[in-house]
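Here is a briefing for a first look at this structure. It goes topic by topic.

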Amino acid sequence: MAAARAVISARPPATAGRLVPLLGTGSLAGHRQRYGPLPDLPGPVLLDLVERAGLRGRGGAGFPTARKLRAVAGNAGRPVVVANGCEGEPTNAKDHALLSLAPHLVLDGAVLAAQAVGARRVIICVHRGSSHAADLGAAIAERGADPVDIELALVPPRYVASEESALVRYLNTGEARPLATPPRPFQRGVDGQPTLVDNVETLAHLATIAAWGPAWFRELGTASDPGSTLVTMGGAVSRPGVYEIALGSTLRETLELAGPHPDASAALVGGYFGEWVALPAGDRLPITHDGGGPHSASIGAGGIQALPGDACGLAETARVLGYLAAESAGQCGPCRFGLPAVAAQLHTLAVSRLDQPGYRQLVHRLGVIPGRGACKHPDGAIRLAASALRVFAEDVRIHLSGYICGGLRHPPVLPVPHPGAIAPDWR
């Protein structure tokens, strides 16, 4: 490890703004001035650094990055690295901000990941029509000395098109629908080769770990979820946008960065596959990837939306479920039949026309759909719906009584893309 320490820069950035400098780094020369040269690290050394840093994926699941790298490196073949910058989550803009302001940090991370797993090919994926696609292409063209080939792929702008098996399917066949697994991409992915699919923020963090080491990376965060992360905040806040926080920060500390409205009654944490958290009861919940219990809220894909006190959480959730049902790949029963039925019953509940038998049927559906889909799309949608019934339990009681709440007249809060902005097919 002595050789690895020798190439670690002595001038890391401050703990704040590790990934996204306020005005961006601009050209490759500006990037090198801030972040230094691309570290020359043997694959096993880099794998060890990432493992000791405890880096977890920033695309949603929070899976240990070193484990993914080792899984790809351990399979025979010609590995491929796919950098996922599609960001299909409507509540998110973090990957857009990162690719716009620090594209070379992502590209450095992708090149290093390729060296770690023995890949010679890197594919950067963004949605077709993304405003930063041209700039990203220019950044790729600016790099002439990388030891791997880097290409840009434009993916259909559908919600599930950024799921890792959907990316692999698109790159292989031109159709961006999820695949049934196994095999997973690390076993057989692009062109049938072992493939690493990592979120672009994950790769940016990997580049900083290679530059400044795991001890620096662990100066922020928690023991099980170290480092910083990018979050996108919106809804009932005065300063919506992308912020970098230390993992383990409380929900209140995080919201304060964006200026939450004093009447905010709840926050959706983790995007449309996340969960509602009541405010102020959930103020002290730590934001990490370790959610699922009463003392934490999973950051998921990085979106946080505050709900105004005069808005209806049930109506907002019903709108989102309708969007998620329409955005499914329609390849299996849970998405073809389950999600539309849940969305319809949530809408009926929101307008105070659902009776008790209908509500019991809704609750039953929420219990039987998860785990039955070809991908995790129905599981995430059902998680959101179930959290709405739990957090807005008093509203559920009022709506079931037939009372029409004033919140239904509130302008929509959660962003749902207009159907006309969504590509009509998967190619």
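## Briefing

Strand 5 and strand 6 are linked by a hairpin of five residues. The model is predicted, so local features need pLDDT of at least 70 and side-chain atom pairs count only at pLDDT 80 or more, while totals for chains, interfaces and linings use all residues. Residues are numbered from 1 along each chain as its sequence is written, and side-chain values use heavy atoms, with hydrogens and water left out. Helices (H or I, at least four residues) and strands (E, at least two) are DSSP runs, numbered from the N terminus.

**Strand 5 and its partners**

- Strand 5 covers residues 228-235. Seven of its eight residues are buried, where buried means under 20% relative accessible area, exposed over 50% and partly exposed in between (1.4 Å probe, protein chains only).
- Strand 5 and strand 6 run antiparallel, joined by six bridges. Two strands pair if DSSP finds at least two bridges between them.
- Thr 232 has Val 242 in strand 6 as its bridge partner.
- Strand 5 also runs parallel to strand 11, with four bridges between them. Here Gly 235 has Ala 306 in strand 11 as its bridge partner.

- An open sheet is formed by four strands in the order 3-2-1-4, with parallel pairing.
- Strand 3 (149-155) and strand 4 are the edge strands, and each pairs on one side only.
- On average, neighbouring strands of this sheet are turned by 20° against each other, direction ignored. Axes are lines fitted to C-alpha atoms, for helices over the stretch in contact, and angles run from 0 to 180 degrees between N-to-C directions.
- Seven bridges pair strand 2 (residues 121-127) with strand 3 in the parallel sense. Ile 123 has Glu 151 in strand 3 as its bridge partner.
- Helix 7 (residues 133-142) packs on the sheet and touches strand 2 and strand 3. Its direction makes about 170° with that of strand 3. Contact means heavy atoms within 4.5 Å.
- Strand 1 (residues 80-84) and strand 4 run parallel, with five bridges. Ala 83 has Asp 198 in strand 4 as its bridge partner.
- Strand 4 (residues 195-199) is mostly covered, with five of its five residues buried.
- Both faces of strand 4 are covered. Thr 195, Val 197 and Asn 199 lie on one side, and Leu 196 and Asp 198 on the other.

**Helix 10**

- In helix 10 (residues 251-258), the buried residues are Leu 251, Thr 254, Leu 255 and Ala 258.
- Seen down the axis of helix 10, these residues fall within an arc of 95°, so they line one face of the helix. The arc is that of the directions from the helix axis to the C-beta atoms.
- The buried residues of helix 10 pack against several strands, including strand 5, strand 6 (241-246) and strand 11 (303-307).

**Helix 11 against helix 14**

- Helix 11 (residues 313-327) and helix 14 (residues 377-391) pack at an angle of about 170°, and their axes are 10 Å apart.
- That makes helix 11 roughly antiparallel to helix 14. Angles under 35 degrees count as roughly parallel, over 145 as roughly antiparallel, 65 to 115 as roughly perpendicular and the rest as oblique.
- Residues of helix 11 in this contact include Leu 314, Val 320 and Leu 324. Among those they meet in helix 14 are Ala 381, Leu 384 and Leu 389.

- Val 396, His 399 and Leu 400 are buried in helix 15 (residues 393-400).
- These residues cover an arc of only 95° around the axis, which puts them on the same side of helix 15.
- The buried residues of helix 15 pack against helix 11, helix 12 (333-350), helix 13 (356-368) and helix 14.
- Just after helix 15, Gly 402 has a positive phi of about 100°.
- Leu 349 lies in helix 12. Leu 349 is buried, with a relative accessible area of 1%.
- Leaving aside neighbours within four places in sequence, the contacts of Leu 349 include Leu 314, Leu 389, Val 396, His 399 and Leu 400.
- Leu 349 and Tyr 359 are ten residues apart in sequence and 7.8 Å apart in space, C-alpha to C-alpha.
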